[in-house]
Amino acid sequence: MELRVTESSENELSIEIAGEDHTFMNVLKGALLEHDDVSAATYDVNPEQSGGQTEPILTIKTEDGVDPLEALEGAAVDVREKASDFRDAFEAAA
């Protein structure tokens with residue numbers, strides 16, 4: 001997975017996530033929105049209206065004093081833990 005920050009400020013981060021599609025982006029966006037310190041999380045994958053953009057761009061807005069990169073890191077940890085829990089439950093059921 002290749003990441004590239006396209007915009008960054010104190011309370012907002014836009015990051016391009018190469019090679020991903022709606023499946024992963026929706027999971028990551030959902031994990032971000034579960035955090036109280038994240039005020040908004042969305043992504044765009046519309047190349048026609050984005051000047052040829054082909055990779056999804058995730059945008060995160062956080063409450064004052066919360067680093068959006070730290071919020072992203074927390075959400076990524078949550079996704080990893082949920083995937084691990086799912087794998088364990090699947091293996092136990094098989």
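Two strands pair if DSSP finds at least two bridges between them. Helices (H or I, at least four residues) and strands (E, at least two) are themselves DSSP runs, numbered from the N terminus. With that in place, strand 1 and strand 2 form a hairpin, with 3 residues between them.

Before I go on, a word on the model. This is a predicted model, in which local features need pLDDT of at least 70 and side-chain atom pairs count only at pLDDT 80 or more, while totals for chains, interfaces and linings use all residues. Residues are numbered from 1 along each chain as its sequence is written, and side-chain values use heavy atoms, with hydrogens and water left out.

Strand 1 and strand 2 run antiparallel and are joined by 6 bridges. Within that pairing, Val5 stands opposite Ile15 of strand 2, and Ser8 stands opposite Leu13 of strand 2. Strand 2 also pairs with strand 4: the two run antiparallel, and 5 bridges join them. Here Ile15 stands opposite Leu58 of strand 4.

How much of strand 2 is buried? Buried means under 20% relative accessible area, exposed means over 50%, and partly exposed is in between, using a 1.4 Å probe and protein chains only. By that rule, 6 of the 7 residues of strand 2 are buried, so the strand is mostly covered.

Glu16 counts as buried because its relative accessibility is 16%. Contact means heavy atoms within 4.5 Å. Leaving aside neighbours within four places in sequence, Glu16 is in contact with Glu2, Leu3, Arg4, Thr6, Glu55, Pro56 and Ile57.

Next, the salt bridges. A salt bridge is a side-chain nitrogen of Lys or Arg within 4 Å of a carboxyl oxygen of Asp or Glu. How many salt bridges does the structure hold? There are 2. In one of them, Arg4 pairs with Glu16, and the closest N and O atoms are 3.3 Å apart. Arg4 lies in strand 1 (residues 2-8) and Glu16 in strand 2, so the pair ties together parts that are 12 residues apart in sequence. Arg4 is partly exposed, at a relative accessible area of 46%.

A salt bridge also forms between the side chains of Lys82 and Glu34, at 2.9 Å from N to O. This pair links distant parts of the chain, with Lys82 in helix 2 and Glu34 in the loop between helix 1 and strand 3, 48 residues apart. Lys82 is partly exposed, with a relative accessible area of 45%.

That brings me to helix 2. It has 26 residues and reaches 37 Å from its first C-alpha to its last, close to the 38 Å expected at 1.5 Å a residue. The expected span is 1.5 Å times one less than the number of residues. Which residues of helix 2 are buried? They are Pro68, Ala71, Leu72, Ala75 and Val79. The buried residues of the helix pack against strand 2 (12-18), helix 1 (22-33), strand 3 (38-44) and strand 4.

At the N-terminal end, helix 2 is capped by Asp67, where a side-chain oxygen lies 3.0 Å from the backbone nitrogen of Leu69. Further along helix 2, which covers residues 68-93, is Ala89. Ala89 is partly exposed, at 47% relative accessibility. The C-alpha atoms of Ala89 and Glu16 are separated by 32 Å, and the two residues are 73 apart along the chain.

Now the interior. A nonpolar core is a set of buried Ala, Val, Leu, Ile, Met, Phe, Trp, Tyr and Cys residues joined through side-chain atoms within 4.5 Å. The largest one has 16 residues, and those with the most contacts inside it are Ile17, Leu28, Leu32, Val38, Leu58, Ile60 and Leu72. Strand 2, helix 1, strand 3, strand 4 and helix 2 are the elements that give two or more residues to this core. Ile17, not counting residues up to four places away in sequence, touches Met1, Glu2, Leu3, Phe24, Met25, Leu28, Glu55, Pro56 and Leu58.

Last, Thr62, which is placed in strand 4 (residues 57-62). Is Thr62 buried or exposed? Thr62 is buried, with a relative accessible area of 6%. Beyond four places in sequence, Thr62 touches Glu10, Asn11, Asp37, Val38, Ser39, Asp67, Pro68 and Ala71.

Technical notes
A polar contact is a pair of N or O atoms within 3.5 Å; within protein, one must be able to donate a hydrogen and the other to accept it, and residues adjacent in sequence count only if both atoms are side-chain atoms.
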